[in-house]
Amino acid sequence: MKISEVAKMVNLPISTIRYYEKIGIITNDYIRRDQNNYRDYASEIIAYLEVVKKCLSMGFSINDIKAIISRNGMSKDDQTHIIKEKISEIEKAQKKLEDSKRNLYDVLESDIICEDGFGKY
C-alpha cells in the first residue's frame with residue numbers, strides 16, 4: 001500500500017505516518033521499498049497503527065509507545081504492570097479533578113464576591 005492509502009484507512013495525516021517512521025514507531029517490518037524507491041506498506045500496518053492510536057487515546061505518550069516497541073515484545077506481567085501504572089495515573093488525575101470541582105462548588109457556596117477586587121469582600 002502507498003502512504004496515502006494507509007493514511008486514509010487509519011485516518012491519520014501522511015505527515016504523522018512519516019513522523020512515526022522517523023522516530024521509530026513504525027519499524028522496517030512494515031515498510032518495503034518498490035523499484036522506484038517508494039514506500040510500500042504491508043497490510044498489517046493498519047492494525048498496528050490502530051493499536052498505536054488506541055494507546056495514544058488511553059493516555060500513553062509517543063515516548064511510552066516507542067519504549068514499548070523498542071522492547072520488541074514484552075511479557076504478560078510487564079504489560080499488566082504498564083497498564084496498571086496508567087490506570088493509577090488516570091485515577092490520580094480523576095481525584096485531582098474531583099478535588100478542583102469540589103473547591104469550585106465551595107467557592108460558589110461561600111458567595112464570595114470579587115466586584116471590588118480579588119480577595120476583597
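**Exercise 1. Determine the handedness with which helix H3 passes helix H4, and describe their packing.**

*Solution.* Start with the crossing: H3 passes H4 in a right-handed sense. A crossing is right-handed if the near helix is turned clockwise from the far one by less than a right angle, and left-handed if anticlockwise. Helices here are DSSP runs of H or I with at least four residues, strands are runs of E with at least two, and both are numbered from the N terminus. This is a predicted model, in which local features need pLDDT of at least 70 and side-chain atom pairs count only at pLDDT 80 or more, while totals for chains, interfaces and linings use all residues. Residues are numbered from 1 along each chain as its sequence is written, and side-chain values use heavy atoms, with hydrogens and water left out.

Next, take the geometry. H3 (residues 45-57) and H4 (residues 62-70) pack at about 135 degrees, and their axes are 9 Å apart. Axes are lines fitted to C-alpha atoms, for helices over the stretch in contact, and angles run from 0 to 180 degrees between N-to-C directions. H3 and H4 are therefore oblique to each other. The classes are roughly parallel under 35 degrees, roughly antiparallel over 145, roughly perpendicular from 65 to 115, and oblique for the rest.

Now list the residues. H3 brings Tyr48, Val52, Cys55 and Leu56 to the contact, and H4 brings Ile62, Ile65 and Ile69; contact means heavy atoms within 4.5 Å. By class, the contact of H3 with H4 has seven nonpolar residues, no polar and no charged ones. Ala, Val, Leu, Ile, Met, Phe, Trp, Tyr, Cys and Pro count as nonpolar, Asp, Glu, Lys and Arg as charged, and the others, Gly among them, as polar.

**Exercise 2. Work out how H1 and H2 are arranged, and which residues make their contact.**

*Solution.* First, the axes of H1 (residues 3-10) and H2 (residues 14-23) come within 9 Å and cross at roughly 105 degrees. That makes H1 roughly perpendicular to H2.

Second, Ile3, Ser4, Val6 and Ala7 of H1 meet Ile14, Ile17, Arg18 and Glu21 of H2. These residues of the contact of H1 with H2 divide into five nonpolar, one polar and two charged.

**Exercise 3. Find the buried residues of H2 and say what they pack against.**

*Solution.* Begin with burial: Thr16, Ile17, Tyr20, Glu21 and Ile23 are buried in H2. Buried means under 20% relative accessible area, exposed over 50%, and partly exposed in between, with a 1.4 Å probe and protein chains only. Then look at their partners, which are H1, strand S1 (31-33), strand S2 (39-41), H3 and H4.

Tyr20 also forms a tilted aromatic pair with Tyr19, at 6.3 Å centre to centre and 50 degrees between the planes. Rings of Phe, Tyr and Trp (its six-membered ring) pair if their centres lie within 6.5 Å; planes under 30 degrees apart are stacked, over 60 edge-to-face, and the rest tilted. Tyr20 is buried at 5% relative accessible area, whereas Tyr19 is partly exposed at 42%.
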